[in-house]
Each structure stands twice: as C-alpha cells, then as structure tokens.
Amino acid sequence: MAAAAPLTQGLFDCREAWVATLETLAAADERIVAVVNDSVGSSKLGGFQKKFPDRLINVGIAEQCMVGVGAGLANGGRIPFVSAAGCFLTGRSLEQVKADVVYAGFNVKLIGQSSGVAYGELGPTHHSIEDFAWLRVMKDLVVIAPADPWETAEAIKWAAAHQGPVYIRLSRMPVPDLAVANRVFRMGKAECVREGQDVTLVGCGTTVHLADAAADRLKAEGIAARVLNMATINPLDEAAILAAAAETGAIVTVEEASVRGGLGGAVAELTSANHPVPVERLGFPGFVPTGSVEWLFQEFGLSTEGIAAAARRAMKRAGK
Amino acid sequence: MTLQNDPVARIKEKALWMRRRAFKMVYDAQLGHPGGDFSAIDIMATIYFGVLSFDPARPDWAERDRFIMSKGHATGALYTVLCAAGYFPEDWLDTYMQPRSMLNGHPNRNYLPGVETNTGPLGHGLPVATGIAIAGQITNAGFRTFVLTGDGEMQEGSNWEAAMTAGNRNLGNLTWIVDRNRLQQGAGTEETNGLEPLDKKFAAFGWDVVMVDGHDHAALLKVLGAVPGEKPRAIIANTVKGKGVSFMENKANWHHGVPNADQFAAAMKELV
C-alpha cells in the first residue's frame with residue numbers, strides 16, 4: 001500500500017494507515033466488513049464504501065445497535081470492524097461491548113476513532129479519556145493504542161488475524177513515525193524505544209513520541225531515561241514493567257486519558273503489588289476545561305517539559 | 001396420524017415436557033423466572049420442533065437457522081428447549097444455577113451449545129439478530145433468524161434502533177416474536193410505560209406485522225413457518241404469563257417467584 005503523505009513535515013494521521021490497511025485486508029478476505037454510526041467520514045471509510053458497498057453497514061446514529069449488529073455479523077461468520085468516535089463507541093454502548101462482544105466472546109474489532117481529547121474544544125462529551133479504564137477491566141478484551149502509522153497498520157492486521165474481541169484506539173492527531181529499528185509488532189509486549197537505567201517513561205498512542213522527546217531533554221541533563229511504547233494496555237506487559245521497576249527504580253506513565261484506571265492505573269496496580277517504586281501518572285485528572293488539543297496537552301503536562309519534570313519528580317521520590 | 005408425523009401434536013408434547021421440566025429446575029434451584037418461561041414455551045417449542053433448521057451435532061453449522069433468546073432471564077424455557085432439541089443431555093438441567101454450572105441464570109454461548117448469543121440485559125437480542133440477518137443478506141445465505149423478545153423489554157431504546165435498521169434494510173430473513181404477556185417485573189406494561197399500539201409502531205418501522213395466539217401451536221406453526229416476505233416480520237404473540245398453571249397465570253409476582261413444595265406439587269398435577 002502507498003505511504004500516506006505527511007500532514008506537515010514528518011507528521012501523519014494514523015487514520016490513513018487504518019483505512020489503507022483495512023481496504024487491503026478486505027480485498028483479500030470477503031468476511032471483513034465495516035460497521036459505522038454515520039461515521040463514514042470521520043472513520044475515513046469513504047474509499048472502503050466505494051470499493052465494498054455491500055460490506056459497509058451504516059446503522060445511523062445508533063451506537064447500541066451498531067455494536068449489537070457487530071456481534072450478530074460475527075455470529076454470521078463475518079469479521080466486523082465496528083468504527084466510531086471513541087467516546088460514543090465505548091460510552092454509549094458500553095453494555096453492548098461488555099455483554100454482546102466481550103462476554104459473548106464474539107470476533108468483533110472495535111475501532112475507537114478520534115479518541116482521547118482529539119476533539120479538543122468540543123469538550124468532555126466528545127472526549128474519550130475514560131475508555132482505557134472502562135475497557136481494560138474486561139480481561140478478555142485486547143486493548144491497543146498504536147503510536148504511529150506503522151504500528152496502526154500492524155495492529156489492524158493483527159486484529160484481523162486474531163480470533164476474539166479487540167479494541168484499537170486511534171486518534172486524528174498528527175504523530176511522527178517512531179524511530180525504532182527492525183520493528184516487529186507483538187501484541188501484549190512493550191516496545192523499547194530507547195534504553196536507559198535512571199527512570200522509565202511509559203507511553204502509548206499519541207504520547208510515545210512525546211516521551212521520547214522528553215528523554216532527549218533528560219539526556220542533555222545526564223539522565224538516561226528508558227522509553228517504553230506500551231501499545232497494548234490489556235494484556236499489560238507485566239515483565240517489562242517489573243523489569244523497569246527493578247532496573248530503573250522510577251516510572252512515569254504518559255497517556256492521553258484519565259489518570260484513573262488506565263495505563264497509569266495498570267502500572268500502579270502492578271508495581272504496588274509486586275515491586276513498589278515511585279510512579280508518576282501523567283494524563284487528565286477528570287473532565288478538562290475548554291481548549292485546543294495542543295493547549296490541553298501542554299496544560300496537563302503531556303509535553304516534553306511536562307514529562308521531563310515528572311521524570312525528575314519520580315527520581316527524586318526514589319532518592320535518585 | 002401418529003405423534004411423529006403430526007407436527008402440532010409433537011410440539012404440544014414437547015411444550016408440556018418443557019413446562020414440567022422447567023418448573024422442576026426452578027423448584028430445585030429455588031431461583032428462576034417461571035412466569036416468563038411459561039409464556040414463551042409454546043412459541044419456542046413451535047420454533048424448534050416445527051420451523052427451525054438446525055443440527056445439534058453441529059451447533060456452528062454456518063447455514064443453520066438462528067434463534068436468539070432476547071429475554072435471557074427465561075432460561076427455564078431456553079434450556080429445556082435446547083435439551084429437547086438434543087444439544088445436551090437431560091442431566092445437565094439438574095445443575096441449573098449450581099456453582100460452575102454451564103446453565104447460568106442467563107445464557108452463555110461459551111458454556112452451552114445451541115446458545116447463539118449471551119443475553120440477560122434487555123434490549124440486546126434484536127440488534128444482534130439484526131446483525132446476523134445482515135450477514136445472511138450480504139452473503140445471500142439461505143438461513144433465517146428468529147428473535148424472541150419480551151414485551152416489557154420493548155421499553156429499551158436499543159430495540160427501536162434495531163427495528164429501524166432492520167426495516168430500512170428490508171431484512172426479510174428476520175422474524176421477531178414479541179412475547180406479549182402484558183406484564184413486566186413489577187406491574188402491567190401499559191401501566192408502567194405503555195407500548196400500544198405496538199402493531200402500528202412495528203408497521204411504521206417497516207415491518208410486516210402478524211398477531212397470533214401465543215399458546216395456539218397450530219396458529220403459531222402457520223405464522224412462524226410462513227415463507228419469508230420482502231420485509232422483516234414481527235409476530236405479536238399474545239400470551240399469558242405463567243400459562244398452564246392456574247395460580248400463576250397473569251400474576252406479575254411469578255415473574256421471578258419460585259414455588260414451595262405444595263405449589264410445585266399442585267402445578268405438576270395441572271401440567272398433564
């Protein structure tokens with residue numbers, strides 16, 4: 001498939017990778033269908049609809065029906081990718097996700113679009129910062145937040161081949177390609193973006209490149225930060241977190257989500273029970289005030305300086 | 001005509017067995033929803049022993065007709081019909097709601113062969129059935145999908161989302177049966193949040209609508225077995241909650257009431 005053109009120099013919209021990958025997969029496997037809630041445009045599925053008109057099922061603005069229909073399509077032997085804004089997909093139809101998809105164990109792929117605070121000024125009704133917490137408690141639901149276009153494509157391919165429910169959290173925020181050599185997508189495994197022994201920065205989705213930039217900042221101060229791309233929130237790569245606790249003694253989690261119950265919550269649960277070390281959780285404390293995405297990221301410390309400062313705090317708490 | 005080649009007589013025999021067996025399950029477990037079991041049993045016996053194409057040896061057979069039990073609390077009806085249909089041996093019914101039983105209070109397809117989807121929370125069956133019917137539609141498959149909902153359950157908005165979708169897509173391969181016993185957990189449907197005129201509502205959503213006596217096996221067989229049309233078909237089956245046991249009929253408190261020894265014995269005398 002052709003690489004998507006950068007939005008601005010070096011930055012990409014991961015939705016391009018999502019649709020290009022889905023179209024390629026759908027051309028090879030007629031079982032793949034897309035289910036949407038009037039979200040053809042926001043899911044970038046216009047091209048898919050043109051190529052596979054019978055396989056784009058638009059139930060209109062009806063998320064409960066959308067997820068139930070997804071489960072039914074799986075019962076009927078299809079591989080549905082149910083794609084909608086993350087806030088509505090996970091909030092409005094949470095019981096359908098729980099009962100019809102996860103508890104019933106159907107082979108449904110849930111694709112949360114424009115997640116986190118991507119809708120910026122539209123406010124908390126349209127933000128999806130609760131989804132990690134709501135979904136990761138369901139042990140049998142794989143939850144993945146890819147960090148860049150390459151990982152988005154790999155996650156979609158993995159989900160299509162996997163038998164079982166998956167939630168993939170995408171954003172419309174432009175992100176750079178991660179500079180990691182010889183990448184292999186492994187569901188449930190952290191990707192080491194850089195090695196370091198002084199502190200570990202754990203990100204997922206849109207925050208991984210920010211953590212990496214913060215590591216550059218810390219390096220200039222003589223601090224060697226390890227950076228982990230924890231694309232899979234559930235199941236969590238416990239070995240990578242416990243190794244980070246043991247080897248670096250201080251952890252910062254960085255997520256475009258609530259600090260309650262998501263990636264930071266998962267890391268804190270694990271370390272407090274097995275290897276207590278200072279954990280600084282960056283994210284949103286609750287519903288956020290009005291502001292652009294860029295402003296919200298700066299305001300709540302999801303920035304190079306914010307992450308670096310959290311790293312210094314974690315190290316200080318660890319006596320380093 | 002023998003029982004074997006008289007379909008109505010066979011359905012009647014199965015329905016009687018289901019009522020007796022379901023009530024014993026509820027009595028033994030001292031848990032369950034017998035009122036709703038009894039209003040649904042004649043419909044379900046008719047579907048499984050007069051209409052549905054299935055093979056209990058191959059619950060995943062792609063071309064099977066599907067039956068979705070949206071009123072998932074009526075497991076007395078569902079588990080007895082699946083047992084009678086040959087999906088599992090009768091002694092499994094003795095484990096109803098026991099620790100680690102495959103016969104949970106609400107059905108789980110991962111535990112029990114023949115269960116098409118997990119239900120329990122209301123308003124889930126029709127959207128899932130709509131998705132199954134869409135799968136059949138886009139692949140030109142021959143199977144049919146039947147979904148049984150309660151009537152109080154119609155108060156869940158998700159049903160109307162799916163009713164709109166199925167109507168707009170002309171899912172002629174989908175049949176929706178409403179177990180219209182007019183009672184929900186605490187009171188009558190019409191005094192709680194009225195549903196009428198249900199037939200006009202379904203028609204307005206693009207469905208063919210048929211009314212039937214939900215305890216008349218011959219009439220049920222005729223409407224359920226009818227050749228599918230262009231539109232999805234809604235069958236409003238007028239039923240009696242607790243049907244078959246005089247002291248249970250039309251009593252809301254038998255929604256999840258359970259019998260004591262005297263009541264169980266009295267019911268068994270009536271169910272013959």
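At 0% relative accessibility, B:Asn159 counts as buried in this predicted model, and the residue is placed in helix 5 of chain B, which spans residues 157-168. When neighbours within four places in sequence are left aside, the contacts of B:Asn159 are with B:Gly123, B:Leu126, B:Glu153 and B:Met154.

By residue class, the side of chain B that touches chain A comprises eight nonpolar, 11 polar and six charged residues. In total, 25 residues of chain B are in contact with 24 residues of chain A. The size of an interface is often given as the accessible area lost when the parts come together. For chain B and chain A the buried area is about 2000 Å², with carbon and sulfur atoms giving 54% of this value. Within chain B, the residues that lose the most area to chain A are B:His124, B:Ile138 and B:Glu161, which together account for 26% of what that side buries. No salt bridge is counted between chain B and chain A, whereas 13 residue pairs in polar contact, both members at pLDDT 80 or more, are found across this interface.

The area buried between domain 1 and domain 2 of chain A is about 2000 Å², of which 59% is given by carbon and sulfur atoms. Of the area that domain 1 of chain A buries against domain 2, 32% is supplied by A:Val117, A:Ile129 and A:Arg136, more than by any other three residues.

One salt bridge is counted between domain 1 and domain 2 of chain A. A:Arg136 forms a salt bridge with A:Glu269, in which the closest N and O atoms are 2.7 Å apart. Polar contacts between domain 1 and domain 2 of chain A amount to 15 residue pairs, both members being at pLDDT 80 or more.

A:Glu256 is placed in strand 11 of chain A, residues 251-258, and, at 2% relative accessibility, counts as buried. The side chain of A:Glu256 makes a polar contact with the side chain of A:Thr206, at 2.6 Å. Although A:Glu256 and A:Ser115 are 141 residues apart along the chain, their C-alpha atoms are separated by 8.5 Å.

Over all chains, a search of the whole structure finds 30 salt bridges. One of the salt bridges joins A:Arg226 and A:Glu195, with the closest N and O atoms 3.4 Å apart. This pair links distant parts of the chain, 31 residues apart, with A:Arg226 in strand 9 (residues 225-229) of chain A and A:Glu195 in the loop between strand 7 (191-194) and strand 8 (199-203) of chain A. A:Arg226 counts as buried at 6% relative accessibility, whereas A:Glu195, at 54%, counts as exposed.

In chain B, a salt bridge is formed by B:Asp42 and B:Arg19, whose closest N and O atoms are 2.7 Å apart. Because B:Asp42 lies in helix 2 (residues 34-51) and B:Arg19 in helix 1 (residues 7-29) of chain B, the pair ties together parts that are 23 residues apart in sequence. Both B:Asp42 and B:Arg19 are buried. The side chains of B:Asp28 and B:Lys24 likewise meet in a salt bridge, at 2.7 Å from N to O; these residues are separated by about one helical turn, because they are four residues apart in helix 1 of chain B. B:Asp28 counts as partly exposed at 44% relative accessibility, and B:Lys24 is partly exposed with a relative accessible area of 34%. Finally, B:Asp151, B:Arg180, B:Arg182, B:Glu190 and B:Glu196 are linked in a network of salt bridges.

Technical notes. Residues numbered from 1 in each chain as written. Chains lettered and ligands numbered in written order. Predicted model: local features only at pLDDT ≥ 70, side-chain atom pairs only at ≥ 80, totals over all residues. Heavy atoms only, no water. Buried area = accessible area lost by both parts, 1.4 Å probe. Salt bridge = Lys/Arg side-chain N within 4 Å of Asp/Glu carboxyl O. Polar contact = N/O pair within 3.5 Å; in protein donor to acceptor, adjacent residues only side chain to side chain. Helix = DSSP H or I, 4+ residues; strand = E, 2+ residues; numbered from the N terminus. Buried < 20%, exposed > 50% of the residue type's maximum accessible area, 1.4 Å probe, protein only. Contact = heavy atoms within 4.5 Å. Nonpolar A, V, L, I, M, F, W, Y, C, P; charged D, E, K, R; others polar.
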